[in-house]
Amino acid sequence: SWRPVHRLGVWSFALYMTHFIVLRTYKVVAFWVFGLWPSPPALVIVSLCGTFALCIAVAWAANRWIERPGYRAMRQLAERIRRSGPPSDPKPVTTPA
């Protein structure tokens, strides 16, 4: 497989979860920087390309520092549960008559 496409696939969930925040921030900053729309098309295209790159960078960071440690912790927890064996049979509860 082609390595960059594979990496985007690995980061895809993080990209899905974080792109809205980045794009929403872009909208606020772009309105503040560019003023009222319409702005020069070249400036908008360049800023959108930068925002796309920022989305990828934020997805990488979320994958690196949130997803992978979370997966690792869940695997360790599952292994700990698996090693502890099946649950013991509880003693029947008796109620006073």
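1. Helices here are DSSP runs of H or I with at least four residues, strands are runs of E with at least two, and numbering goes from the N terminus. The side chains of R82 and E79 meet in a salt bridge, at 2.5 Å from N to O. The rule for a salt bridge asks for a side-chain nitrogen of Lys or Arg within 4 Å of a carboxyl oxygen of Asp or Glu.

2. A word on the basis of these values. The model is predicted, with local features needing pLDDT of at least 70 and side-chain atom pairs counting only at pLDDT 80 or more, while totals for chains, interfaces and linings use all residues. Residues are numbered from 1 along each chain as its sequence is written, and side-chain values use heavy atoms, with hydrogens and water left out.

3. E79 has another partner. R83 forms a salt bridge with E79, the closest N and O atoms being 2.9 Å apart. R83 and E79 are four residues apart in helix α3, again about one turn of the helix. Together E79, R82 and R83 are linked in a network of salt bridges, and the count by this rule comes to two salt bridges.

4. E79 counts as partly exposed because its relative accessibility is 27%. The classes are buried under 20% relative accessible area, exposed over 50%, and partly exposed in between (1.4 Å probe, protein chains only).

5. Helix α3, residues 41–83, also holds R68. R64, R68, R72 and R75 gather in a patch of positive charge on the surface. Patch members have over 30% relative accessible area and no salt bridge, with like charges joined within 9 Å and nonpolar side chains (Val, Leu, Ile, Met, Phe, Trp, Tyr) within 5 Å. Lys and Arg count as positive and Asp and Glu as negative, with His and the chain ends not counted; the place of a charge is NZ of Lys, CZ of Arg, CG of Asp or CD of Glu. R68 itself is partly exposed, with a relative accessible area of 41%.

6. Accessible areas come from the Shrake-Rupley method with a 1.4 Å probe, and for residues only the protein chains shown count as cover. F13 belongs to helix α2, residues 12–34, and counts as partly exposed at 44% relative accessibility.

7. Two residue pairs are worth a look in the viewer. L54, in helix α3, is 32 residues from V22 in sequence and 7.5 Å from V22 in space, C-alpha to C-alpha. L54 is partly exposed, with a relative accessible area of 46%. V44, also in helix α3, is twelve residues from I56 in sequence and 18 Å from I56 in space, C-alpha to C-alpha. V44 is buried, given its relative accessible area of 15%.

8. Finally, the overall form. The chain has three helices and zero strands, running α-α-α from the N terminus on. Its radius of gyration is 24 Å, whereas a compact globule of 97 residues would have one near 13 Å. That radius is taken over C-alpha atoms, and the globule rule is 2.2 Å times the number of residues to the power 0.38. The C-alpha atoms fill a box of roughly 85 × 45 × 15 Å along the principal axes, and buried residues make up 16% of the 97 residues.
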